[in-house]
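I opened my notebook next to the viewer and wrote down what I looked up, one stop at a time. Come along if you like.

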Amino acid sequence: YFKIDLSLLPQSVRERLSDNSITKMNFDLPVQEGVTHISRNHSLSTTLAEYLLNNALQPEGDRAVASRCGVIRSKDVNELTTLLLLRIRFLIKDSKTGATSFAEECVITGFKNTPGTETWLALDNALALFENVQPSSTISDPDKNHWAATVIKDFDKIMPKIDALANERASALQQSYERVRKTIKGKQVAIEPMLPADVLSVSIIVPQPGG
């Protein structure tokens, strides 16, 4: 088992825990007497995850705790490539009653070159690269800062493309819902994206020199 001192956690996390008496924990079952099993649904797991995500999304967030941007050098690309993890939220409105509900999905997209001159990847290709890309050599902190600044300084230029993708995903969701609705004779709804989409992370891949 692992020993834990909850007093070292941020106060906002401690206040939301269902059990503040945990001193010993384990991630596997069975556990010994006095040891708390920490599953992915335990309040410690969910509260820490929410804290890290919310911290990363705040402009003044502590980047030492959670970072939303990373840079690697890899032989898997031959041009500067940026991958984006997006969270797109949708408003679903009942066309008859006006009642609303919400849905969301995460999408991996990306582009080659820099914002303003970029060539966008097909979603399948972006996802495959996100899942499989491997670093091929180390990259210095100054180089990381250079490439991150190169992409982020003109980030506003790609936001219309991200909005367009969100609209495309909403349209696809609408079409999927309509196919199901006709089969089960369900209610009609209107689906629209809640813009702007959240950019959860930016992964920048720098090609290996001479690769």
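**Starting at one threonine**

I began with the neighbours of Thr-150: leaving aside residues up to four places away in sequence, Thr-150 touches Thr-114 and Pro-115. I am looking at a predicted model here, so I kept an eye on confidence too. The mean pLDDT of the protein chain is 90, and 96% of its residues reach 70 or more.

Where does Thr-150 sit? I found Thr-150 in helix 4, which covers residues 141-152. Buried or exposed, I wondered of Thr-150? Its relative accessible area is 16%, and the cut-off for buried is under 20%, so Thr-150 counts as buried. I then followed the side chain of Thr-150 and saw that it reaches the backbone oxygen of His-146 at 2.8 Å.

**Helix 4 as a whole**

Next I checked the length of helix 4. With 12 residues at 1.5 Å a residue, helix 4 should span 16 Å, and its end C-alpha atoms are 16 Å apart, so the two agree.

Which residues of helix 4 are buried? I noted Ala-148, Thr-150 and Val-151. They cover an arc of only 160 degrees around the axis, so they lie on the same side of helix 4. I turned to the other side of helix 4 and found Asp-141, Pro-142 and Asn-145 exposed.

What covers the buried residues of helix 4? My list includes strand 4 (69-74), strand 5 (81-94), strand 6 (100-112) and strand 8 (189-207). That sent me off to the strands.

I traced an open sheet of 5 strands in the order 4-8-5-6-7, with mixed pairing. Its edge strands are strand 4 and strand 7, each of which pairs on one side only.

Strand 4 and strand 8 run parallel and are joined by 6 bridges. Along this pair, I saw Gly-70 opposite Ser-203 in strand 8.

Then I moved to strand 5 and strand 6, which pair in the antiparallel sense over 13 bridges. One partner I looked up was that of Arg-89, which is Glu-104 in strand 6. The hairpin of strand 5 and strand 6 has 5 residues between the strands, and Gly-98 takes a positive phi near 85 degrees there.

Strand 6 also pairs with strand 7, again in the antiparallel sense, over 2 bridges. Here Lys-112 stands opposite Thr-119 in strand 7. Strand 6 and strand 7 form a hairpin with 6 residues between them, and in the turn I found Asn-113 with a positive phi of about 75 degrees.

How many bridges join strand 1 to strand 2? I found 2, and the strands run antiparallel, with strand 2 spanning residues 24-26. Phe-2 has Met-25 in strand 2 as its bridge partner.

**A last look at confidence**

Where is confidence lowest in the protein chain, and where highest? The lowest is helix 2 (residues 43-57), at a mean of 85, and the highest is strand 7 (residues 119-120), at 98.

Note on methods:
Residues are numbered from 1 along each chain as its sequence is written. This is a predicted model: local features need pLDDT of at least 70, side-chain atom pairs count only at pLDDT 80 or more; totals for chains, interfaces and linings use all residues. Side-chain values use heavy atoms; hydrogens and water are left out. Helices (H or I, at least four residues) and strands (E, at least two) are DSSP runs, numbered from the N terminus. Buried means under 20% relative accessible area, exposed over 50%, partly exposed in between (1.4 Å probe, protein chains only). A polar contact is a pair of N or O atoms within 3.5 Å; within protein, one must be able to donate a hydrogen and the other to accept it, and residues adjacent in sequence count only if both atoms are side-chain atoms. Contact means heavy atoms within 4.5 Å. The expected span of a helix is 1.5 Å times one less than its number of residues. The arc is that of the directions from the helix axis to the C-beta atoms. pLDDT is the predictor's confidence in each residue, from 0 to 100. Two strands pair if DSSP finds at least two bridges between them.
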